[in-house]
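Please consult the sequence and structure shown here before reading on.

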Amino acid sequence: MNTQYAPAIECRGIGKTWNEAEAPFVALQYVSFEVKSGEFVVLLGPSGCGKSTLLYMLAGLERATRGALLSDGVPITGPSPERGMIFQEAALFPWLDIRDNVAYGLALQGVPRAQRERRAMELLARVGLNGFELKRPSQLSGGMRQRAAMARALALQPKVLMMDEPFAALDIQTRAKMQAYLLQLWRESGASVLLVTHSIEEAIGLADRIVVFTARPGRIKEIVPVDLPRPRNPRDEAFHALHDRLAELLADEVDRAFAEQEALAR
Ligand SMILES: Nc1ncnc2c1ncn2[C@@H]1O[C@H](COP(=O)(O)OP(=O)(O)OP(=O)(O)O)[C@@H](O)[C@H]1O
């Protein structure tokens, strides 16, 4: 297959049913979209619609029950250094300093110590953590830990960076700063980004395109392009208009998701 012009990521008719044999629980249905090379795509949808499940499948950590997931035109069968993953809480090793955390994947790839430490130091400087290289994760703030996690993911020069609500645990000011860092790293790295969020504002602030999901079973409701110049200002009229439109698209879905969760709790 000529994979030269294949999208960085492609979901073709994806479905995911948990516990299919005994008590099937359909999480996702008929999900088809692609992420182009260098594109920033955000997955937005109500709680429980399957956004994280989809990201885990693309990371190669879960299998789809239907359809095909491709990376650069090649079926995804497991995790790969070409697809980096960042979670809501930075998953750093607590016993290593952050330089060694960032260099960890390079060590696994057999990169010599001096070279990987140099690369880790460069990346930590890029995310504004110079001077903190020898600290343990517990000695850093949440935002700093998340920047270290970004540096660690970027160390392996992934083609796609996948992020599951990476800033949800941070306060609003730190969140805004982290979004700016992310945009800068995205531009410099040339990687594609696929980011999950609940926040309409975050989605508009970051994305080239927003994939809006329905309540469970998660299907694509609409794919919304964001044609606003960056940096984007939430006070701009065009930002507001898009916010209203997305809020309207999501309103019924959030109600449905809430009703379902209440019913399940009974
Ligand atoms: N391992 C699992 N086994 C069974 N059901 C699961 C499993 N993981 C997730 N689910 C269910 O699949 C559905 C989708 O979950 P998922 O976490 O992907 O949703 P989400 O859109 O990321 O939600 P949130 O925004 O609240 O994080 C949910 O109903 C969830 O309870």
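Which residues does arginine 116 touch, not counting residues up to four places away in sequence? They are Ala103, Leu106, Ala107 and Val111, where contact requires C-beta atoms, placed from the backbone, within 7 Å. The model is predicted: local features need pLDDT of at least 70, side-chain atom pairs count only at pLDDT 80 or more, and totals for chains, interfaces and linings use all residues. Residues are numbered from 1 along each chain as its sequence is written.

**Arginine 116**
- Helix α3, residues 113-126, contains arginine 116; helices are DSSP runs of H or I with at least four residues, and strands are runs of E with at least two, numbered from the N terminus.
- Arginine 116 counts as buried because it has 22 C-beta neighbours inside 10 Å, the cut-off being 20 or more other C-beta atoms within 10 Å of its own.
- Valine 102 is 14 residues from arginine 116 in sequence, and their C-alpha atoms are 8.7 Å apart in space.

**Ligand shell**
- The ligand is surrounded by 13 residues, each with its backbone-placed C-beta atom within 6 Å of it; the closest are Trp18, Ser47, Lys51, Ser52 and Thr53.
- Two or more shell residues come from each of β2 (25-35) and α1 (51-58), and α1 gives the most, with three.
- By class, the shell holds four nonpolar, seven polar and two charged residues; Ala, Val, Leu, Ile, Met, Phe, Trp, Tyr, Cys and Pro count as nonpolar, Asp, Glu, Lys and Arg as charged, and the others, Gly among them, as polar.

**Annotated domain**
- An unreviewed UniProt entry lists residues 9-240 as "domain: ABC transporter"; such annotations may be inferred rather than shown by experiment.
- The span of residues 9-240 is 33% helix and 26% strand, with its end C-alpha atoms 30 Å apart.

Terms used:
Buried ≥ 20, exposed ≤ 12 C-beta atoms within 10 Å, placed from the backbone. Contact = placed C-beta atoms within 7 Å.
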